[in-house]
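User: Could you walk me through the side-chain features of this model, one kind at a time? I would like the general idea each time, and then the case here.

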Amino acid sequence: MKNYIMKNISTILSILALTISSVLLVLYLKDNKKQSVNPATQNTDSAGNEFKIAYFDIDSLQTHYSYFNDVSEQIRQKENAVTNELAGLQSRFQKKIADWQQKIQSNTMTQAEGEQAEREYARMQQEYEQKQISLNQDLQKFRMEKLTEIRNRIETFLTEYNKEKNYAFILSYEPGFMLYYKDTAYDVTKDVIEGLNRQYKQEKK
């Protein structure tokens, strides 16, 4: 279950990486009042400075960012609650079905009772299906809200972080995510994790 949660969040964060990078690029170009340049000079700004590109590892963020771990635990607890509620409903229905089966086997169920049991069984099926859909929708909504919180925290932190660093791009990196080149000199994963944890620790006080 934890791997499933991590996979979902990892995928969404990877998709959001380009959005984050675009926001940072716009801020960077705005701050430096960049003029249009020809292809031969696209690696420098109006002051002749080279663009800097940084990256951070999604896997490391998932492992070491305390808020991410807390959110993963909240999602896991929500999933367990849904599973337990559906299991309890199913157990209650199965008990009633077992009572009906016992009456049938002992030939003590009347025709009217049998017809009533059929109607009751159809109602229970419908109730279970509706409850399952409702709980899963609530779970999905909860999960997306939490993932959005993570995204917003990362975007906000990177925007502030980049005011001093002045990177043209800060990309997320993980296996399978298209990134043609990365220089370890621009790996800001540790800074991102420490900064996010420092903010979250202050909020929890």
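Analyst: Happy to. First, a word on the source: this is a predicted model, in which local features need pLDDT of at least 70 and side-chain atom pairs count only at pLDDT 80 or more, while totals for chains, interfaces and linings use all residues. Residues are numbered from 1 along each chain as its sequence is written, and side-chain values use heavy atoms, with hydrogens and water left out.

User: Let us start inside. Which residues of the largest nonpolar core touch the most other members?

Analyst: The general idea is that in soluble globular proteins, nonpolar side chains tend to be buried together. A nonpolar core here is a set of buried Ala, Val, Leu, Ile, Met, Phe, Trp, Tyr and Cys residues joined through side-chain atoms within 4.5 Å. Buried means under 20% relative accessible area, exposed over 50%, and partly exposed in between, with a 1.4 Å probe and protein chains only. In this model the largest core has 23 residues, and F56, L61, I170, V188 and V192 touch the most other members.

User: Which elements give two or more residues to this core?

Analyst: They are β1 (53–57), α2 (58–64), α3 (66–105), α4 (111–165) and α5 (189–204). The names come from DSSP runs numbered from the N terminus: helices are H or I with at least four residues, strands are E with at least two. Helix α4 supplies the largest share of the core, seven residues. There is also a second, separate core of five residues, with L89, F93, A117 and M124 among them.

User: How should I read a lysine such as K146: is its place buried or exposed?

Analyst: K146 is buried, at 16% relative accessible area, and it lies in helix α4. Its side chain makes a polar contact with the side chain of Q74 at 3.0 Å. A polar contact is a pair of N or O atoms within 3.5 Å; within protein, one must be able to donate a hydrogen and the other to accept it, and residues adjacent in sequence count only if both atoms are side-chain atoms. Leaving aside residues up to four places away in sequence, K146 touches V71, Q74 and I75, where contact means heavy atoms within 4.5 Å.

User: Now the rings. How many aromatic pairs does the structure hold?

Analyst: A pair of aromatic rings is described by the distance of the centres and the angle of the planes. Rings of Phe, Tyr and Trp (its six-membered ring) pair if their centres lie within 6.5 Å; planes under 30 degrees apart count as stacked, over 60 as edge-to-face and the rest as tilted. The structure holds three such pairs. In one of them, the rings of Y65 and Y67 have centres 6.0 Å apart and planes at 45°, so the pair is tilted. Y65 is buried at 1% relative accessibility, and Y67 is buried too, at 8%.

User: What kind of pair do Y67 and Y200 form?

Analyst: Theirs is edge-to-face, 5.0 Å centre to centre with 75° between the planes. Since Y67 lies in helix α3 and Y200 in helix α5, the pair ties together parts that are 133 residues apart in sequence. Y200 is buried as well, at 11%, and ring pairs link Y65, Y67 and Y200 into a cluster.

User: Which charge lies over the face of Y67?

Analyst: R153 does, at 3.9 Å from the ring centre. A charge sits over a ring if NZ of Lys or CZ of Arg is within 6 Å of the ring centre and within 35 degrees of the ring normal. Another case is K78, whose charged end sits over the ring of F142, 5.5 Å from its centre.

User: And how many salt bridges are counted?

Analyst: Side chains of opposite charge can pair when their charged atoms come close. With a salt bridge taken as a side-chain nitrogen of Lys or Arg within 4 Å of a carboxyl oxygen of Asp or Glu, the count comes to 12. One of them joins D70 and K204 at 3.8 Å, N to O. This pair links distant parts of the chain, with D70 in helix α3 and K204 in helix α5, 134 residues apart. D70 is partly exposed at 26%, whereas K204 is exposed at 57%.
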